[in-house]
Amino acid sequence: MTKISFSSLCTHELDDNRTTKPHVLPIYATSSFDFQNLQEGIDIFTGEKKGHVYSRYGNPTIDTVAKKIAALENYGLSGEAQAFLCSTGMAAIHTALLAVAKSGDKILTQGNLYGGTTELFNKVFSQLGIEPIFTNLQSIASVKEALTQHPDIRLMYCETPANPTLACIDLQALGNICKENNLISIIDNTFATPYLQQPLSHGIDIIIHSTTKYLNGHGNSISGAIVCKNEELSKTIWNTLKLTGGTCNAFDAWLLNNGMKTLTLRMDKHCSNALTVAKRLESHTKVIKVNYPGLESHNSYEIASKQMRLYGGMMSFEVNGGMEAGKTVMNNLKFCTLAPTLGDVDSLILHPASMSHLKVPKELRLRNGITDGLIRLSVGIEDPEDIYSDIEAALENV
Ligand SMILES: Cc1ncc(COP(=O)(O)O)c(C=O)c1O
């Protein structure tokens with residue numbers, strides 16, 4: 001380095017002193033990247049040369065984690081998928097939708113979506129002239145009827161298993177209908193993760209994740225992902241993400257990377273614990289109904305068995321006695337944590353009617369099985385005996 005003043009030396013970055021590859025992905029906490037000369041800058045900007053420019057467009061930490069999610073979603077399938085990391089699951093949903101929908105389009109979807117997504121459709125996208133058509137996506141007859149009634153449906157957006165009743169949709173059947181009708185298909189695969197369910201194998205075009213949940217698994221970062229295999233759609237999504245700016249930050253991407261290392265271990269335990277708790281709750285006298293796709297009594301058991309490796313860590317159950325009974329159970333839990341998230345290693349519980357679905361119109365909520373006494377449980381990886389005993393003790397107060 002040529003001689004510079006003391007104060008300039010303080011201010012300037014020195015050359016990166018890296019000699020060997022770090023074993024763990026580093027956090028690239030930099031907003032931009034330097035170019036060696038003007039031509040390099042031009043080549044990278046125009047795409048002639050690979051390189052990073054500015055962290056809103058991605059950086060090595062963000063891109064490496066995105067690449068892993070794409071590989072997981074496309075695991076065992078032909079070709080290559082692309083993934084984009086977003087600042088939140090909601091950023092992933094709205095970026096993907098903004099990329100592929102235009103004013104005048106209708107979106108075929110279901111009433112039992114995550115509450116935030118329903119609100120996004122009703123309050124934000126409807127203002128842009130993009131209207132949701134809520135249909136029972138479990139019924140192919142209803143889907144066909146909606147397509148006949150609304151010839152301007154251009155997209156299909158689904159969640160399976162769905163929040164919080166765990167209703168499952170036949171992805172192969174729905175994927176086929178979307179292809180036959182030239183609809184772009186989008187799925188929120190947050191509940192299942194690519195370990196349990198691979199929508200790309202059923203011809204679904206775009207996959208969304210709230211990576212805040214199972215993919216991270218430890219509740220210490222917020223992020224989302226969009227996965228797509230179609231090159232043209234991927235380009236549009238990428239362009240939209242760059243311009244709307246909902247990119248993930250490097251630290252949250254790094255935390256997500258750490259969490260994903262134990263995804264299969266965690267999911268196996270989440271699934272076996274959930275099945276144990278669901279079976280025991282099913283025979284409890286104060287529980288009217290248990291929603292878990294791994295129970296033969298659940299109306300999605302067959303579909304889930306067909307398209308999922310295991311049945312997931314999410315379940316819900318309805319306490320006899322409505323709103324009051326639901327609140328009583330919530331207020332008497334000591335081990336499960338009352339928190340409005342899911343997919344963490346510890347058991348989390350919420351009361352949809354008074355929490356996640358508070359802003360969803362009651363009539364729509366009830367039509368989709370989200371009753372006043374329904375309690376949603378994100379079953380953790382603790383000893384299942386502790387989880388069940390806590391709920392059993394709380395139920396004694398009802
Ligand atoms: C199924 C599902 N999708 C999307 C979201 C939104 O994700 P985020 O909170 O990361 O924006 C959530 C949040 O709870 C969710 O449960």
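Thr193 lies in helix α8, residues 193–196. Helices here are DSSP runs of H or I with at least four residues, strands are E runs of at least two, and both are numbered from the N terminus. This is a predicted model, where local features need pLDDT of at least 70, side-chain atom pairs count only at pLDDT 80 or more, and totals for chains, interfaces and linings use all residues. Residues are numbered from 1 along each chain as its sequence is written.

What is the phi of Thr193? Phi sits near 65°, a positive value in a residue other than glycine. Thr193 counts as buried, because it has 28 C-beta neighbours inside 10 Å; the cut-offs are 20 or more other C-beta atoms within 10 Å for buried, 12 or fewer for exposed, and partly exposed in between, with C-beta atoms placed from the backbone. Asn182 also has a positive phi, near 55°. Asn182 lies in the loop between α7 and β5 (184–188), and is exposed, since 7 other C-beta atoms lie within 10 Å.

Then there are two cis peptide bonds to look at, Thr160 to Pro161 and Asn163 to Pro164. Pro161 is found in the loop between β4 (153–159) and α7 (171–180), and Pro164 is in the loop between β4 and α7 too. Most residues other than glycine have a negative phi, and most peptide bonds are trans.

| Site | Feature | Value |
|---|---|---|
| Thr160–Pro161 | cis peptide bond | omega about -10° |
| Asn163–Pro164 | cis peptide bond | omega near -5° |
| Asn182 | positive phi | near 55° |
| Thr193 | positive phi | near 65° |

**A helix pair**

Next up are helices α4 (residues 89–100) and α9 (residues 231–244), whose axes come within 9 Å and cross at roughly 120°. That makes α4 oblique to α9, because angles under 35 degrees count as roughly parallel, over 145 as roughly antiparallel, 65 to 115 as roughly perpendicular and the rest as oblique. Axes are lines fitted to C-alpha atoms, for helices over the stretch in contact, with angles running from 0 to 180 degrees between N-to-C directions. On the α4 side the contact is made by Thr95, Ala96, Leu98, Ala99 and Val100, and on the α9 side by Leu233, Thr236, Ile237, Thr240, Leu241 and Thr244. Contact means that the C-beta atoms of two residues, placed from the backbone, lie within 7 Å. By class, the contact of α4 with α9 has 7 nonpolar, 4 polar and no charged residues; Ala, Val, Leu, Ile, Met, Phe, Trp, Tyr, Cys and Pro count as nonpolar, Asp, Glu, Lys and Arg as charged, and the others, Gly among them, as polar.

**The sheet and its helix**

An open sheet of 5 strands runs in the order β8-β9-β12-β11-β10, with mixed pairing. Its edge strands are β8 (287–291) and β10 (337–338), each pairing on one side only. Two strands pair if DSSP finds at least two bridges between them. Strands β9 (residues 314–319) and β12 (residues 374–378) run antiparallel and are joined by 5 bridges, and Ser316 stands opposite Arg376 in β12. Helix α13 (residues 322–331) lies across β9, β10, β11 (348–350) and β12, at about 35° to β12.

**Around Leu255**

Leu255 has its place in helix α10 (residues 250–260). Is Leu255 buried or exposed? Leu255 counts as buried, with 21 C-beta neighbours inside 10 Å. Leaving out residues up to four places away in sequence, Leu255 touches Asn216, Asn220 and Ser221. Leu255 and Thr61 are 194 residues apart in sequence, yet 10 Å apart in space, C-alpha to C-alpha.
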